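Work through the exercises below with the model open. Try each task before you read its solution.

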Amino acid sequence: MTRKDTGDMLDSDILSFDPDVARALEFFHAQDNYEVSPLVEIDGPGGRTVQAKLETHRMGLGAFKALGAPYAVARIIAQGWLEKTGEAIGPDRMKDADIRAFASGHTFVCASAGNHGMGVAAGARNMGAKARIHLARTVPEGFAARLRTLGAEVVRSGDVYEDSIAAAIADSLSTGATHLADGTWEGYTEIPKWVMEGYCVIAEELRETYEAKGSWPTHVYLQAGVGGLAAAMAHMIRLNWAVQPRLIIVEPEAAACLQASHLAGKPVRGDGPESSMGRLDCKEPSIVAWDVLERCDVHYATLSEEEGEAAAQALAGQGIATTPSGAAGYGALCKTDDFSPSDKDIRPLVIISEGPA
């Protein structure tokens with residue numbers, strides 16, 4: 001399993017995304033530490049009220065990634081058990097001793113810029129499996145320490161995120177460990193789709209809230225690295241939200257791979273210098289995420305390093321501790337808000353995707 005040049009044509013079956021959201025919801029509702037993340041009102045530019053979905057304390061990991069890799073780990077274990085025994089298992093069965101004994105023979109490896117590795121490590125620990133996380137030198141040591149507290153082995157691999165991806169792929173090929181990435185490329189799509197399936201829970205939580213309130217957002221700002229969260233959210237919003245908002249995908253100027261791919265009409269790199277928006281500093285898009293976004297009528301915005309830092313500081317002033325990555329959607333709103341303050345019909349929504357580093 002290696003990364004390949006995606007070329008000009010990609011098979012539609014490779015790119016298809018048809019999440020089993022009911023299965024994801026069943027899984028999380030069975031977890032003791034699951035609860036719906038808060039939707040709060042904060043101050044926006046020009047005195048505008050902005051709705052913010054706070055992922056800053058999600059399931060003890062402090063980021064939306066808690067919904068992705070842990071769910072994928074459970075699906076991989078369940079699939080392996082089905083293939084071995086013919087028994088399909090649900091969330092409650094996964095807690096049984098024989099399933100955990102089976103999981104103990106599995107090791108999951110991945111590359112991470114921080115939060116995805118936390119999700120893999122937590123998911124492996126929850127199932128009784130092992131995790132090995134490859135980090136580039138640019139990932140702060142604080143993330144490495146947090147990974148170790150979750151029982152993961154940490155390996156420093158390369159100077160940049162792409163180096164650590166290559167190392168994780170090589171690791172899985174040489175050791176037989178399961179590679180659990182959140183990005184997709186030709187020849188590797190199925191497991192990351194399960195990660196994205198978990199992210200769909202956020203959109204469903206929001207849909208239920210807005211249906212109960214009867215008031216829907218008019219604009220939704222979605223930050224993106226490889227694009228898994230943004231694509232999962234966009235897919236679900238277009239699928240079943242009663243009122244359709246304008247969707248804005250937000251990337252660092254230094255890593256605008258999804259916008260570059262949109263302009264090119266195919267997945268391409270978005271090269272640039274290292275970004276302080278570390279969890280969004282991904283130079284190559286997920287090919288599945290790119291294709292989903294192409295079908296969801298989205299718009300693109302980019303943030304400079306200074307704009308990302310300013311957004312995080314502005315939120316800190318309102319009592320919300322996050323990073324430039326977590327504040328990116330808010331930063332794009334502040335940068336591009338040309339709405340009239342008197343226009344009461346504008347109701348922006350941002351996702352505060354992680355807590356402080």
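Two exercises follow, one on a single residue and one on the whole chain.

This is a predicted model: local features need pLDDT of at least 70, side-chain atom pairs count only at pLDDT 80 or more, and totals for chains, interfaces and linings use all residues. Residues are numbered from 1 along each chain as its sequence is written, and side-chain values use heavy atoms, leaving out hydrogens and water.

**Exercise 1.** Find Y34 and decide whether Y34 is buried or exposed.

Solution.
- Step 1: locate Y34. The residue sits in the loop between α2 (21–29) and β1 (39–43). Helices (H or I, at least four residues) and strands (E, at least two) are DSSP runs, numbered from the N terminus.
- Step 2: check the cover. Y34 has 14% relative accessibility, so Y34 counts as buried. Buried means under 20% relative accessible area, exposed over 50%, partly exposed in between (1.4 Å probe, protein chains only).
- Step 3: list the partners. Beyond its neighbours within four places in sequence, Y34 is in contact with F28, H29, R58, M59, V201 and E205. Contact means heavy atoms within 4.5 Å.
- Step 4: take R58. It lies 24 residues from Y34 along the chain, yet their C-alpha atoms are separated by 7.8 Å.

**Exercise 2.** Describe the protein as a whole: how many helices and strands does it have?

Solution.
- Step 1: count. There are 13 helices and 10 strands.
- Step 2: find the extent. The C-alpha trace spans about 60 × 45 × 40 Å along its principal axes.
- Step 3: look inside. Of the 357 residues, 60% count as buried.
- Step 4: sort the contacts. Among those with a separation of 6 or more, 71% join residues 24 or more positions apart.
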